[in-house]
Amino acid sequence: MSIGGRPVQVTVAFETSRGAVALSASILKRTAGGVVLRFEPRRTYSGAAGTVTALLARVDGTSHALLMRPVDVPGRLLADGGREVTFAFLARSDATTAFLGALGG
Amino acid sequence: MDRPVDADRREVRELNGRVVVVTRPGTTESVPFVLAGVVVGNLVLIPDSSAARTLGAQLAEGNPLEIAAVDPKGRLTCTALVQRYRTDPHELHVTDPGFFHLRNDRSAFRVAMVVPVHLVVASETAAESAAGTSLDLSSAGLSARVDLACNPGSPVFASIHLPDGNLLAVGTVISAADQHVRVRFTQVDPAGSGRLAAHLRRAEIEQMRTGEAA
């Protein structure tokens, strides 16, 4: 997914037993209530499907910060470089509407 | 700035000098005030509470009494006159205070609370993560001592290590200077928001009881 020809990059943050981590990912597509992300290669983190995760992004100069959950994490691999992971927003709100709107499409 | 609000009948839970802290009967873990009710002038003391014993002679008929309560929107206060006080059973009757006033009017109470926090801040080009400690906390945000280079307006993820478990939230950096970062929450994990509210309410009640500034 791109805006102005550039892929939309986001930061995905979540808590692990060793503290919070931040991973880069790109948005492949938006869904009705979330996004499909692909993490950058060589990073692997485990996490259950219910792991509360944060999406941090700046799109066209506007900050977006949303809580979401991965919904398809077989084998408890939340972030597996190169693999697609679907995330659902924790709640629908003006913030999610604004973010999905900023993604367009 | 003060502004009048309606409040309904409360049970007196804690007393400190002339200040009466009230909550709804038996619901210390829920929001203690519903603002749409009508103020009633009869307040009932908890029998045999230490707070009730300390009030003693201050409750002579006609004495002014400040009544205060914790509310997520601010500190509710009013002044009423003692009508009658008896100890067996403990009962305090005051004049109808009319309206409670909402003092310290802000979207949420901020209380001093030092707990470990972990922040992740995303900039235009990268993300940074750092651990630190909170300085104060409210349901709307926090300030923390964290060695983190970030700019106001940046999106942020916060993991707050409350005594009974982590609380996760996201928001926006309000300011960052000298390892002091202020964050406004835009979303709090619903699984932890109740615990946060309970911690804040206990801290606020304690601050009111001890007379410390919020």
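In strand β15(B), B:V181 is the bridge partner of B:A176, and the two strands concerned, β14(B) and β15 (residues 180-188) of chain B, run antiparallel and are joined by eight bridges. The model is predicted, with local features needing pLDDT of at least 70 and side-chain atom pairs counting only at pLDDT 80 or more, while totals for chains, interfaces and linings use all residues. Residues are numbered from 1 along each chain as its sequence is written, and chains are lettered from A and ligands numbered from 1 in the order in which they are written.

**Strand pairing in chain B**

- β14(B) and β15(B) form a hairpin with two residues between them, and B:D178 in the turn has a positive phi of about 50 degrees.
- Strand β13 (residues 155-162) of chain B pairs in the antiparallel sense with strand β14 (residues 165-177) of chain B over eight bridges, where pairing requires that DSSP finds at least two bridges between two strands.
- B:S159 stands opposite B:L168 in β14(B), and a hairpin of two residues joins β13(B) to β14(B).

**Chain B as a whole**

- Chain B has two helices and 15 strands, which are DSSP runs numbered from the N terminus (helices H or I, at least four residues; strands E, at least two).
- Of the contacts in chain B with a separation of 6 or more, 60% are between residues 24 or more positions apart, a contact being two residues whose C-beta atoms, placed from the backbone, lie within 7 Å.

**Contact between the chains**

- The contact takes 19 residues from chain A and 22 residues from chain B, and β8(A) gives five residues, the largest share of the side of chain A that touches chain B.
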